[in-house]
Every structure is written in C-alpha cells, then in structure tokens.
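Q: I've got this model open and would like to go through a few of its details. Can we start with the charged side chains?

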Amino acid sequence: MPNEIVIVGGGAGGLELACKLGRKLGQGHVTLVDHGLYHIWKPSLHEVAAGTRDIHQEGLSYQMLAHDNQFRFVYGALTALDAAGNTIAVGAVNDESGAELIPARQISFGKLVIAVGSVSNYFGISGAEQHTISLNATEDAEYFRLQLLKLLALADLKKEAEPDSGVNIVIVGGGATGVELAAELREASSVYTDYDFPRLNPNKDVRITILEGAPRLLAPLTERVSKAAAKLLVERDVQVVTDCRVASIAENFVTDANGNNYASDLCVWSAGIKAPDFLKALGLPVIKSGQLEVDGFLKVAGTTNIYALGDCAGCVGADGKMVPPRAQAAHQQASYLLEMFVREHKGQAALDAPYVYKDHGSLVSFGRSTTVGTLMGSLTKLGWFVDGFFARMMYTSLHLMHLNALLGPVRTGVTATASSLMKHAKPSVKLH
C-alpha cells in the first residue's frame, strides 16, 4: 500500500508538517524524505558559523523524531518524479570514500509535498560560487567555523612578526542573515581571543565588513529598524558599505562595480536565494524564479495530489504579491496543509478558503543580549518597533515554538532547560 503522504524536505515547514501529521494520523500514513540525518533551525545557522551554538549538541535526529512522532524517515535525496505513476526516486547514499551505503529506492505516494527550501542565487557574479560560503545548511556553517578557527590561530602566531596580522571577513548582503552573522561574529571574536588567541585584539584584528547593494541595510524592513541595525553594527566596529554592487570575487578580495577592493580571508554570500535547480527537471510547472507554481491551496499547477510549501513554492498572496521566502510563511503553510490533510483523512468537508499569508513582523538578532525588529498589529496592520530585552525574548520564543511543534511542550521545556544549563558548563564558543 503506498504511503498516504510523502514529504520531501526536512526544513522548518516540512518537518513540522511531518511531526504534526504523524501524531494526528498515526503510524504508516506519513513519510519524510531528506538528504541529511539531522535537523537544525535554519535561522540559527549564523550562530553555528560563529561557534556560539554547537550543532552536535542541538541538532535533532530525523530518526528520533520519526520514532517519537510516528512517521517514517527515508534517508536520501529526491532525484526524479513520476507524477503519473505516483512515485519518486530517492538516490543512493554513499560514504566519504564513495562506497554505497544505501541503494537508490522508489517510493510510492498518495499525496506528495515538496518542501526542499532554497539555495544561494549568485546572479552570475564572477567567482561568487567558487570563493564564498553560503549558510544554507549545517555543513556550510560548520565549515565556516572551522576555517575561522584556523585563520585566527594563524593570525595569532604571526602577530609578533606582523603587527597588522588579522582576519578579514566580508559578508556580501545586508539582509537578516548578513546582519545577524556580523553581530554574532563580533560577539564571538571577543570570546575566542580570551580563550585561545591572546595576541589578537577582537575589534581591531577580526575585521568584519558588510557589502550591501541597496541604499540601506535590511531593505525589506522599516527604515527605523534599518537605522537601529546600522547603529548597533557601527558600535560593534563592523564596517557597513551600502550602495555597493559587487562585480567579482577572488580568493582573497572582493571587487565592487567602482573598482574598490575589500580584503577577504573569509567571504560569506547572503545576497540572495533561489529555488533549487533540480526542480525544473521534475516535469512540474515552475515560474520565472524557478519555484514550483502553486495555486491558492498550495497544490502544484496541473496536478491533483502534489503540493509545495516554503521557499520552493511560488505562491501568490491575497494582495497579488509573491509570498516571501521566510520561515513564518513555511510555518503557516505547514499548518494550512495539516488542517487540509487531517480533514480529508477524517472524511470531513474540504477546506474552501485558500491559504492567506499573514505577516507577523520581523526580528533581527544582535547577539545574546540585543534584538531589534517590528511586530505587526493584527488590527492596524502597522509595524511596532521593538528592541532590547522584550525583542530578545520574542526572538527566542520563535525557536521554542518550532521545537514545541517537533517535540511537544514537555520535551521542549526539558531541552531548553538543559541547553541553558550546558552554557554554564562549557565554553561560550565551540573551540574544537
């Protein structure tokens, strides 16, 4: 008997849907497919990169979540789709030497949900893909952290002979990811120098630059949030260059359209995302951005039983604009499909109202103590500027809400308490 619902992609939206559906429908009705073995909340990847969050402690095993939430987990990447035959192909899994661990498989489905997220969009800029790191996955963030440790160690060793020795970090893109990474790196750099690199001055020798093409940081947010973010970064000795169009990226420097060069030992790309290219090969309709074309009910155009959610879904909102690729949109879409599928499973009347995106605001983290952003008023539709401790608590609550969807309230409480206690028993940054 084919699986009733197969979900491809274990990001925030796909995994929340799998966990909630598994608990609602019981064993044998839901399968999750992902090319990784564990999940981490994507908005926290900048903390993994800076070393202030340990992926090996906080990553959640898909096998564990599948067991506890009564769904099946299949390890591997989606490689092909037979829409007419209601099957997908999952590729083989190989070890580091290339030896096959798990063979390729075919999985049947009654309903298919594609939730494979997004990848970096380099916009054809020379050298961008080859010489930058994008924080799209845990492997990217962990690679950045290890490279940073090596560069700090090398700069510290050279310091006596070369007084100007240091680490140059360039972040291309002044959106939420770029701004949060810069703030987290500045906070972490002080801890690194205290622990293991005594010759380095964290603010002077760990040199962080953000290059943003728009006239201001955080362009999609309000000007007040943008100004507050810029002020906080300047106070942290982060160089911010706006109206800066990157022309090319080499191994050790970034060049803008005016011919200015920015020294770069590590370069992070956070200037744009797009849907994964392999979606175009599935035989499903895609829009200009490469996202799957979906209707108001999140059903892929021209199909009867295939859906998409999150960054890979090209969904038009009630205002006629594209739903933005944000975590809150994926969360809302997962909740919408949950209700739809549970109703159908119970034989109840189908949903007659299409999905409507609701913007609840945006929050941007500036390390462990400060957050700025806006909260949207449900009646006035106006954004309320928030900062400081209250904003920080709101930001933290978003992660707890996600954990609650996966683990339930009791285990979320235990996990949060354990994580808090571990911070007092271990270094503030990961040093190995």
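A: Glu 339 forms a salt bridge with Arg 343, and their closest N and O atoms are 3.3 Å apart; a salt bridge here is a side-chain nitrogen of Lys or Arg within 4 Å of a carboxyl oxygen of Asp or Glu. This is a predicted model, in which local features need pLDDT of at least 70 and side-chain atom pairs count only at pLDDT 80 or more, while totals for chains, interfaces and linings use all residues. Residues are numbered from 1 along each chain as its sequence is written, and side-chain values use heavy atoms, with hydrogens and water left out.

Q: Where do Glu 339 and Arg 343 sit in helix H10 relative to each other?
A: They are four residues apart in helix H10 (residues 327–346), so about one helical turn separates them; helices are DSSP runs of H or I with at least four residues, numbered from the N terminus.

Q: Is Glu 339 buried, exposed or partly exposed?
A: Glu 339 is partly exposed at 38% relative accessible area, where buried means under 20%, exposed over 50% and partly exposed in between, using a 1.4 Å probe and protein chains only. Arg 343, at 25%, also counts as partly exposed.

Q: How many salt bridges does the count come to?
A: The count comes to 12 salt bridges. Among them, Glu 223 pairs with Lys 227 at 3.6 Å between the closest N and O atoms, and Lys 227 counts as exposed at 55% relative accessibility.

Q: Which residues are linked in a network of salt bridges?
A: Asp 156, Glu 160 and Arg 199 are linked in that way.

Technical notes: Helices (H or I, at least four residues) and strands (E, at least two) are DSSP runs, numbered from the N terminus.
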